[in-house]
Amino acid sequence: MKVAQQADRIGRDLNPEGLNPPPNQIAAPAGMEGDDRISRLPVEIIITILSRFSVKDAIRTSALARSWRHLWTLLPSLRLGPRLDPLGETYVELPAVAASSWIERIQHVVSSLQGPFLVFQLVHRFHSYQSALLQSLLDLLLQKGVLDALLLVNYNEQVRLHLPSFHSLKRLQLYGCHVVLPAGFSGFECLTTLALENVKITNEDLHFLIHKSNNLTTLKLDVASLGDPLSVTLSLPLVRHLIFQINASVENVSVTSAPCLEQAQIILTKPPYNRLQKVAWVTLGLLTSVIRVSSLNLDWNVLESMSLVTLPFNFTFPRLRCLKLYLHIPSMNKQIYDAFICLLSSMPFLEELEVQLVSYSMPSNKVATLMRELLVMKPDGLSCLDQTLKRVTISMNMFNIVMAGITVVQFFLLNAKVLELMKIQHCMHSDAQQSMIEELQEAKVTSPDAKVVIFNRKDNVTVNVK
């Protein structure tokens, strides 16, 4: 009865007016004929209600009445993972036999579904020797026909998968897999979102997969090579959002054509010391090939990498309006500062900047002193500071970088001439926030319209600056 009560509550949310059901309504379960709202709902809404249950509870509803026996087989999606599986069990580290049995149970549930089956999501810790079981599950999904979204996330050792051609697939996300394109692979003609994370794939298969996905609008790549280093050349006629994670196995990456690209995010996995310079040039190659974006996110280690190379002369982002970057405070030095100023100089129309200050150790006194010395210097020739930069957000993740954060805030208050809003985000205690307020009240401010707001987990405080 608990399942029936939960269904009744969701049914009221979906059909608050008590609309009369069409002729395809289902019969009232036995013992519920009185004031039974759920039985008066259309079958389509019943299926929507069941899709909000765990798989176990959705199957349990078959016991409510004979007419409910097979309703769960009309579920349009399955989302299975560490907390929900076909029997509703909480996932723990299963021994090999139990984990394989878990996959077999999923196959039984999938084979029972009547469709149209649109979404399949599976999150687990698979072992490489379970590749064949997962492959048979993918082949079964292919047989079911229509599938809009496939998300397969593996947090253990990589499993090897031959990727079937799901012709109706619109979203594909794979994590922790070794992907092989089988002979005769015809691509995904409807695919709009492709995310390959912690995936191993050959150069040839990667290029063929992207080339055969002509309708991509979102692309996320964190891939490692099988054999030779990866050399990635991307032609992305419709892609609007690109996320690329560079690692030591990527030898070259560039975007030759992306007329619709609006947002790009570059992430850098810090390579071994002897590969630092090489990876820095790879990062620069990607950065200089996405200059038409309006929003850019330079994630971990990218700014540090840029300090090892030199941007081309007169290099410019002509459309960039928003920039987000990470700055690792303990690594700060004169070269990283110069790279930061050089980046700002290449963004003449920048309007919004977010700087994420990160540190997992106490910065040395030398770093703190260096930052104060560098950031009191007035940079020349930065048109974004003089004319366009209106909103700046400084985020801090640790108490030990408060003073470094205040130094960065003071830099923009002093140099951004048309600044309207300075946001400071932190998760420190009230004493640290009060010290921050006292420091900022003495800061020099150039823009007459500048407003400083400090955000934390509990509230926000507006600081009056001079």
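1. To start with the rule for aromatic pairs: rings of Phe, Tyr and Trp (its six-membered ring) pair if their centres lie within 6.5 Å. In this predicted model, that rule gives 6 aromatic pairs.

2. Y155 sits in the loop between β3 (149-154) and β4 (159-162), while Y175 belongs to strand β5 (residues 171-175), so the pair ties together parts that are 20 residues apart in sequence.

3. How accessible are these two tyrosines? Y155 has 48% relative accessibility and counts as partly exposed. Y175 is partly exposed too, with a relative accessible area of 26%.

4. F185, F188 and F208 are linked into a cluster by ring pairs. Elsewhere, F455 has K423 lying over its face, at 5.2 Å from the ring centre.

5. Now for a helix pair. Helix α10 (residues 365-375) packs with helix α12 (residues 402-415) at an angle of about 5°, and their axes are 10 Å apart. Angles under 35 degrees count as roughly parallel, and α10 and α12 are therefore roughly parallel to each other.

6. Which residues make the contact between α10 and α12? From α10 come M371, R372 and L375, and from α12 come A404, T407, V408 and F411. Sorted by class, this contact of α10 with α12 has 5 nonpolar, 1 polar and 1 charged residues.

How values were computed: Residues are numbered from 1 along each chain as its sequence is written. This is a predicted model: local features need pLDDT of at least 70, side-chain atom pairs count only at pLDDT 80 or more; totals for chains, interfaces and linings use all residues. Side-chain values use heavy atoms; hydrogens and water are left out. Rings of Phe, Tyr and Trp (its six-membered ring) pair if their centres lie within 6.5 Å; planes under 30 degrees apart count as stacked, over 60 as edge-to-face and the rest as tilted. Helices (H or I, at least four residues) and strands (E, at least two) are DSSP runs, numbered from the N terminus. Buried means under 20% relative accessible area, exposed over 50%, partly exposed in between (1.4 Å probe, protein chains only). A charge sits over a ring if NZ of Lys or CZ of Arg is within 6 Å of the ring centre and within 35 degrees of the ring normal. Axes are lines fitted to C-alpha atoms, for helices over the stretch in contact, and angles run from 0 to 180 degrees between N-to-C directions. Angles under 35 degrees count as roughly parallel, over 145 as roughly antiparallel, 65 to 115 as roughly perpendicular and the rest as oblique. Contact means heavy atoms within 4.5 Å. Ala, Val, Leu, Ile, Met, Phe, Trp, Tyr, Cys and Pro count as nonpolar, Asp, Glu, Lys and Arg as charged, and the others, Gly among them, as polar.
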